[in-house]
Structures are given as structure tokens and as C-alpha cells.
Amino acid sequence: MNEKIGLEIHVRLNTKTKLFCSDHNNIKNAKPNSNTCPVCMGFPGSKPVLNKEAVRYGVMIALALNCSISSKIFFSRKTYFYPDMSKNYQITQYEIPIGREGYLEISNGKRIRIRRVHIEEDPAKILYPTNDLNTSEYLLVDYNRSGMPLSEIVTEPDFSDKEEVREFMDKLISILEHLGVFDAQADAALRADVNVSIENGERVEVKNVSGLENIERAITYEIIRQRSAYRLNGRVERETRHFSEVSGTTTKLRAKEFEEDYGYIFDPDLPIVKLSDELIEKIKSELPELPDKRIERFIRSYKIEKSFASILVNKDKQLADFFEESLKYYNNPESLAKWITTFLLKSLNWHKLRINQTHVKPEVFALLIRSVDENKISDAYAKDLIKIYVDTGKDITDMIKSYNAINKEDIEKIARRYIESNMKAVSEYKKGNIRAIDFIIGSILKETKKRADPKLVKEIVIDLIDKEEASVAQ
Amino acid sequence: MILLTIESFLERNQNLKREELDDIIARAKERSLLIDKEYDAFITLNDNLAVESKGILYGVAISVKDNICTKGLRTTAGSRILESYIPPFDATVIEKVKRAGGFIIGKTAMDEFGFGSFSINCAYKIPKNPNDKERVTGGSSGGAAAVTKAADFPHIAIAQSTGGSITAPAAFTGTVGITPTYGRVSRYGLIDYSNSMDKIGTIGKDVFDAALLLQIIQGYDPRDSTSIKLNEESYIDSMNKEIKGFKIAIPKEYYDYNYVDKRVADKIMDSLSKLEELGASFDIISMPMYKYAISAYYIVAISEASTNLARYSGLRYGLQKQLDSSLTFDEYASIIREQGFGEEAKRRIILGTFARMSGYRDAFYLKALKIRKLLIDDYKRVFSRYDAIITPSMPVIAPKIKDALSMEPLKVYGMDIMTVGPNFTGMPTISIPVARVEGMPIGMQIVGDHFNEAKIIRIARNLEKVLNYE
């Protein structure tokens, strides 16, 4: 097995305005074609004006990915006809991108090389009435997205499997979020062209795959498809394929010899932009703390395990922020890190939510974990509360406060009652059937409504039975 | 009636009474209609003539080449594909003219998208030369020049040049055309032909008129990233200064070129003596790079044009057809483009697409850009020693329309020999009429270094005073 995978990743930059006009960039739920102007609609006579903020964002990304920065950049026209293209050419960067020859290291020590980082405009959004290109009789075009800034990040084909891809993507997104240039929740925030080849096979490009999950699905499907194609035909053709989100499969778009010729020319409406050493140094000096540094700091300052620190930071920047915010209310990093990276993350993953998409508040979460650590709340109940909190967003403060973990004496009282009324089970237990007392334990837990810790209950029950036996023996 | 110059009209226009202004507007409207009838000079006449402010152009009619967007007034760029297009915004130059008190009289005829040297590649009517209706006006700003020549009311034209489209019609009609330095006037609202060369300029009856309008429309515009921040110059204030001591370069290659009508070249040489009388001197020089200019210019122009025209695909604006679900997007766009574009537009799209295809891009498009750089160096070398370069504006007098229509495309492109050099390199030029041959006017083209409009306007104004061309 010798797969090679490379990615051309497109991420939406969260600048205030579009790349070449002053329409808003971060609009949500806007009416179709309401966030447009003559420039992004490609009206005759309109002219693009470069958004400098987007260039700055591009430089930040390139620096964070260890690229060398070009001292001069310019824009080119990539010409092809498609209904989502307002001008039937896309303004992008061709010869000289903002950044070149960088890398990003993943946990196995491998450096995934970055070939280039550049910025370009997004086409409009196409809506298919049947949600499918092949069965729709017509399509609708929404130009609200037209001209929004994208950064294209191209890797070398350095990935060996989709696990490496997933880890790289998590880390990349975390970097983009730490830079403050990316909003993962934006419409079509992340898309990629995925290049996959197997040993002795030609490179196959899967176009325009949307979101992390689909990128993995496309890779899985392509590897299986190429292996069986190779077994059947002894070769894998070089071609471009389309990924269907509905079926999770890819279909052939065109063969190599029918690749588009984009006829690049320099965009004569946009002058050369100089990126001086001073400017680059200034941007570099203003870069925020990036994931690797943050993980180091978490380990050093909070004395938490590396695995927890890595999850907190690389999984999702918001999770790391949430962790640090929670610490302000309960200064126990070890405990918070453990609870966040296990039960909280599990609940979030279950709903495919990120922490900032929920109503979970750091102060409430901190209170909950403090209560657990002070034995005021059982672990079991705390897990339930986390689940409820993530599910419903309901404020659980009162539930935490009104809950008193039941004390040992009270448990013993209840336990005696159940032991006396279940003597048959007790004698079974004594004969060696250990599970016979599960019913007694379950009944006690039920009566105490999870206020009692199951482990403690079990200990008490066994202890009482043993004691009783001892007293009878006397 | 006595034809008033704008220079003298401006002495009284600020005191015009409302009724007098209304009379001027009504007369301009009526005369424009007649001019159009006579010379097919307009594509669209403006029905809603209105003066929006009392500025320096108060009461002056402004005609606008039809590739410049006018809000609410049809703008076709001379093409069927934009036959019904009404722009939702004004070009920056239109905003400036309106603020200065000018009123937009109509949109003038042109070669489709500016693709032509004679104004015969027209989707609508072919404009006729007011000096001789059987002859071309020159292109592509032919309508602008014809209206200027024929107008007997205060009028100046906004024209536009990519490779000579102001100089050519100015020369053929006997008017004055100024093509400013690339970047001097905002292109915002100009329908693109070749963005790295397109320049909005002016055509007037005399140097004063053309310079006045340039002064009003020039200036930096944040909506056009290629417009330049400069102190805006007053050409009117400086144009009457004498030109004693000016050094003029006469590049011999332009006078010996094989398409040049000897009579035209001789007339230009003759008028140089007038410059000497004014205290200027001239030297015959050599600009050997000139022979690459036409090929390189056309490669860049059509490469850019073929991308600019890609947007016309029958969506959102322009020519549209009933949608038919049996057609793919490509098929639909092909039908629209087949019907909407004229022959020369199609020729330039095909050639331009070819010149930038991978495999040819290095040999054509990128090489042409290198030649532009060398040509700029060539001009800069001359301008380090001379104040201006003088050539004929056009190698010939205006041909008959029927002869022009049957001319080989390559020969037509050759007609641009005088103008492509400065246009390709972004140098400002002014064309003034200096003599007649066969009763037809011939123009002298004065080329200046980048942003030296004031200097060439001054030379033209001084010469105009002593020439007595009419």
C-alpha cells in the first residue's frame, strides 16, 4: 500500500468585505442576490479594487505555515465558462502566490509540505432544485457569495492515509482560527480538491469536496476504487472526478487530455502589490499565539498532559478558549482538561456541534466540575448534566446547586432496608453469585436518583452483607 | 448664425437666465437629431436632458462614447449583445461632467467594443464623415468626432482610446483629440476592451475645448486602482505660455512606413516650420522598436479583450433568449454570443484566446508584454532629451467607407502604426488638424512623456494659433 494524497484546500477568509468590492463578506441568512453590486455581479464597466485586509490575511496564513513570502504579488484572470462565474473568469493568483514552500508538522513528526498559499475570489453559489446536478432541469444562481475572499492552500502529495489528512486538517483549521481569519461556521467555509494516487497509478483529482467529513469519504472511496481499477485493468488513468455527497462516490468528469486551458493573463485592472520586508516583519510580529506554542504553554503552565493539551488546542480553538475561560472560575487545569476532552467533547461530537454553537458557559461548567471534585456531585450525575446542558442549552446552575450528594449514613440506611427485603438475593450472593446483588444496588441508585455514587453504593452493600455474616457467625 | 466658441461661451454662461439655458438645451437637442439624421453619429439620443449643477460647463452639451456607462441611459458599447443594456450606475467621468454643469446629449457611435480603426465594425449604423459623407470618420470614437465636427452649439465629446481611437477620428474629421496618460482619467464605468491600455479622453473643436473637458474629467478615483494620484493640472492656465526652446523629436521611421501617404507626411513636415517660428527646434531621430509595436499591441489587446468579453453570456444583462432546458449552459452561451457579437469581435475573441493558451502564451502574450517594456524604454530614452515627439496622426486621409469595408484586416491594423506606440506605452497624445489633402483634413499627433499633457496641449495651442488651418 503506497498511497499518495495531496490537497488543494480553499478556505473562506472572514474579512469584513468581499475581495474586490465593498459588499459585506460575513452575511448570514441574507436573501439571495441581496448582497451584490456591479463589481461582484460582473457588470460592464465595473472594476475590482483589492481588499488589503485579505492580502494581510493571506500573508498571516503563509507565515503560520512556514512559507517564504513573495516580495511582490499580482492577480491573474483564470478564464472558464460556468454559470456561477459572474465574469466567466476568476481573479486569482497564478505565477507568484503570496506564500511558497512551507510546511506543517503532524504528530508522527512528518512535515507535510505546503506548495503555495494564495488568495482568490469565490464564484457565486449554485442551487439545484433537486439538489443534484444530473437531475435538475435548471439551476439558480445566488451572487451573494460571488467575490468573497478565499485562500487556497496547496500541499505536496505527502499524506499516506486519511488519518494524516484528518490530523493535518484539524491542525490547519485550528491555526486559521487562532489567526482569526476563518469562521468554520460560514457557508461553504472549507472545500478541497483532493488528489489521490496509488502505487503505479496516475494521479486522480476529485474536485470541489465540501467539508472535512466529505474529504475523508472521498479519499476512502478513491483508494478502494483505484485499487480495484488497478486489479482489473492493470492501470489507473489520470482524470478529474466529481464527488457526490449523497452517495459518497466519485464519478468521472473528464480525462487528462480534456483538461481546461484557463488561458491565464495578468488582471490589468489590479496593480502589483508590494509586500515589503518591513510589512512582513510587522505582520509576523503581530501574529497571535499559534497552536504549537499554545500546547507548549498549556503543558508548561497548567501541568496538563500533552494528549489533553493537543486535543484542546488542535481539535478546535474554541475548546481551548473554553478551557482557559473555565479556569478563571475553577483553577484546576487537570480536572477541567480531563472533563472537557472526554465527556464534554463526546457530547459535542455526538451532535456534531462545536462548543460555541452551544449555550454551554465556562462558569457553569467550572462550577459543575468543582462540585464533582468536592464530592458534592457524583460522576454519573455530572455526565448526565453535561449531556443535558449540551443537548438543551438549559442553564444547569440550579440543578448543580440543589443537588446534594447523599452521605454515607443515609446510603447505609436505605441499603439495610433493601438487604432485609431481599434476603434471597443476599443468600445467592453468599453462595458465590456476585451479580445477585445488582438488583439491590440498582434499587438504591434509583431511589437516590443518582445522587449516590454507584461505586460507593456497591461498597456499602457488600460491606453490610459481610458485617451481617460476621455478626451471625458470632 | 455665428458659431460661438466654447472659450467665448464660457465668458457668459454663468449669467445665463433659465430661459436662455432652456433654449440652448432645446437647440442642442434639435441639432443633435439632425446631425444624427445626416451622419448616423449617435447610437442613443438622451431624451431627458437636464443640467444638474451650475459649474464651469453650465450649458455645454457633452456627448459620450457609447462604451461609457450612463445611469439610466442605454449603453451598448456598439454591440448587439448589449442592445438593451441600461447601466445602473454612472461612470466616474459622467459624474464629474454632471457636477460641472454639462448635460449628456447622447451616446455616440463606435466600432463594436472599440474594435476598429474606421468606425465601420458597427452593429448599428456606420457614422459618416461630416467633411465628406462617403468617407469614414475614423475609429473607434467615430461618432464622437463626427458630432464634434458637425455641432453648431456648445459641445465637447467624451471619447476613448485603446490603440488610437481618439487620434484617428480626430485626424479624419479635423477635430482636436486628447488621449491622456494611462491612469490620468478614471476608467470606472468604461466598458473594457483592453484594460491595460484603455483611456478615456476628449474630442473638441479646438485645443481649448478638448483641454477644458480633460481638466474636468481627470483625477484619481479609488474605484479604479490604475488611476494615479497627482495634483490635477490646469491645462487652460498653462496652455498659452510660449514654447520657445522646446525640443521636438521627429522619428523618421514613422514617416517612411509603407502605408504612409507621402502627401500626408509632407504636410506634417511642412507645418514643422511653424514650430520653428515659435522658437521650438526639432531633430530627426530613430525609434527602431516601432516595427514591433503593432503586433505586440494587438496580442495584448486581444488577449485582454477575449477575457473581457467572456462575461457576455446571456445571463443577468444584455441579449437573452428564452431558456430551454434541452440546452446546456455552454450551448446557451454560444447561441447568445453567436448572435450578439459581430465579425471583428469574434475574430478578436478567437485570436485573443489563442494567444493566451498554454503552449502559446509564452511565445505571444508574455513576449508581447516584454516588448511593451522595451518600447517604454525606447520612449523614455527619447523623452530624456526631447519635450515631444511629432508624427502624422494617421498614415492616410480618411478612406471611402466602401474601400475601408473591403480592406484586409492586416492592412486595417497597419493603419494604427502612428497611434499604437504611444497608446501601448501609455503616453499622452494630442491630435490637431494642420492641413488638408484632397479637401480632407490631416492631423498632427504630438506625443508627450507620461503625465506631460500640459506640455503637449501647450504645443498644440501655440501651433493652432498660427496655423489658420480652416
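This report looks at the interface between chain A and chain B and at the cysteines of a predicted model.

## Ground rules

Residues count from 1 along each chain as its sequence is written, and chains are lettered from A in the order in which they are written. Local features need pLDDT of at least 70, side-chain atom pairs count only at pLDDT 80 or more, and totals for chains, interfaces and linings use all residues, while side-chain values use heavy atoms, with hydrogens and water left out.

## Where the chains meet

Chain A brings 35 residues to the contact and chain B brings 40 residues; contact here means heavy atoms within 4.5 Å. The area buried between them is about 2,900 Å², with 56% from carbon and sulfur atoms. Buried area is the accessible area (1.4 Å probe) that two parts lose on being put together, summed over both. On the chain A side, Pro44(A), Lys47(A) and Phe81(A) supply 21% of the area buried against chain B, more than any other three residues.

Lys47(A) also pairs with Asp192(B) in a salt bridge at 2.8 Å, N to O.

## Cysteines

You will find zero disulfides over all chains, a disulfide being a pair of cysteine sulfur atoms within 2.5 Å. Cys21(A) has its nearest cysteine sulfur, that of Cys37(A), 3.6 Å away, and Cys21(A) is buried at 12% relative accessibility (buried means under 20% relative accessible area, 1.4 Å probe, protein chains only).

Definitions and conventions. A salt bridge is a side-chain nitrogen of Lys or Arg within 4 Å of a carboxyl oxygen of Asp or Glu. Buried means under 20% relative accessible area, exposed over 50%, partly exposed in between (1.4 Å probe, protein chains only).
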